[in-house]
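Please read the following note beside the sequence and the structure. The points are numbered so that each may be checked in turn.

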Amino acid sequence: MLGATHVATVDADGQLDPEDIPRLLEVAARHPTRLILGSRPRQMDGCPSRCNLGRRLTSLAVAVQSGVRLSDTQCGLRVYPLELLQQVKCGAGRYAFESEVITRAAWAGYGIEEVAVNCKYFTGAARSSHYRPIVDSVRQAALHVYLLGLALLPFGSGQRGSAGAKATPWQRCMRVLSWLNPVACWRDIRSSDLGRLELSTALALGAWIGTLPFYGFHTLMCAYTAWRLHLRPAAMILGSQISMPPIGVGLAIASAWLGNLMLTGEVAPMANMPRSWSAIRLMAEQWLPAWLLGSVVLGFVLAVAIFVVSAAVFNGIRPRDRHAAEREARNSGLDQDLRPVEPA
């Protein structure tokens, strides 16, 4: 392509400033193999709360899929190395591509760096956008479910790329110890919005796993899921303790009752349901399919509730001053580039 090595992109709605492109190109010149992303201010006048929520949830999805923690995964102001676009194959189009290419680039071992950029959010008649809130949101959600499934596989597309192989054995050991350290959960709460959301996700997934009728394997399942999704195992194991009596007994009974209702359409009398752990064997023999199905559904509902409640609680915890200062600087000016982000 006439000797070109990179391509810059910018949204056509006029909200991003094309004059920021040279700043991204400067960073690309210093790091020619990295994907360079623009990062919009955390708060923008006129930007509805649903957009900020979507931005945070998308960043959370990318983080658990790839281990790459970014402040803005949806900014259209970017610089792509052409080599990356040739090597990383994406199947999504439109807005979903913006997230998929980040995850797959991280899996392939490419570094990613953010640069603070200007953005002016238009409202009313001044706003021009091809974004379709329902259709495009559903497509992005389906994409993230698919990528999360790949990330959970022990091998294949979800494996981390070559960048992770550059670490020395000592560095890998220290990473594992840091990952296992329960004190890191408190640091996550006080570090950033994304850290708090990740911890809420770990608690919610742990509770979902704890609802499943796989007693004796909950801890192992939590550790594996936390490893594959780059979450804190301590938080996930804590969430799985919901299976302990007396709550666990009630969840098992409720799961079997709900599953039976879904499978047969009949309301089983509660008097016929086992009422203690001593009757778990009977439940497993007579109610296992219903119990399993009900636990998946009930566990999902419970996980969503725990995520919402814990996220609200964690959001009320004041972050460390230095992080608040960093966010304030990010919102007030463009005098700094954000740190480079490598695949975990």
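**Notes on a predicted model**

1. Pro154 has a relative accessible area of 43% and is therefore partly exposed. The structure under discussion is a predicted model. Pro154 belongs to the loop that runs between helix H5 (133-152) and helix H6 (169-180). In sequence, Pro154 is 70 residues away from Tyr224, yet the C-alpha atoms of these two residues are 9.2 Å apart in space.

2. The next points concern charged side chains. Side chains of opposite charge can pair when their charged atoms come close. In the whole structure, a search identifies 8 salt bridges.

3. Which residue meets Arg42 in a salt bridge? The partner is Asp193, with a distance of 2.3 Å from N to O between the two side chains. This pair connects distant parts of the chain, since its members are 151 residues apart. Arg42 is located in the loop between strand E2 (35-39) and helix H2 (49-66), whereas Asp193 is located in helix H8 (residues 193-211).

4. Are the two members of this pair buried or exposed? Arg42 has a relative accessibility of 34%, so it counts as partly exposed. Asp193 has a relative accessibility of 11%, which lies under the 20% cut-off, and therefore counts as buried.

5. Asp193 also forms a salt bridge with Arg196, and here the closest N and O atoms are 2.5 Å apart. Both residues lie in helix H8, where a spacing of 3 residues corresponds to about one turn of the helix. Arg196 counts as buried because its relative accessibility is 5%.

6. Arg104 and Glu100 are both buried.

Technical notes
Residues are numbered from 1 along each chain as its sequence is written. This is a predicted model: local features need pLDDT of at least 70, side-chain atom pairs count only at pLDDT 80 or more; totals for chains, interfaces and linings use all residues. Side-chain values use heavy atoms; hydrogens and water are left out. A salt bridge is a side-chain nitrogen of Lys or Arg within 4 Å of a carboxyl oxygen of Asp or Glu. Helices (H or I, at least four residues) and strands (E, at least two) are DSSP runs, numbered from the N terminus. Buried means under 20% relative accessible area, exposed over 50%, partly exposed in between (1.4 Å probe, protein chains only).
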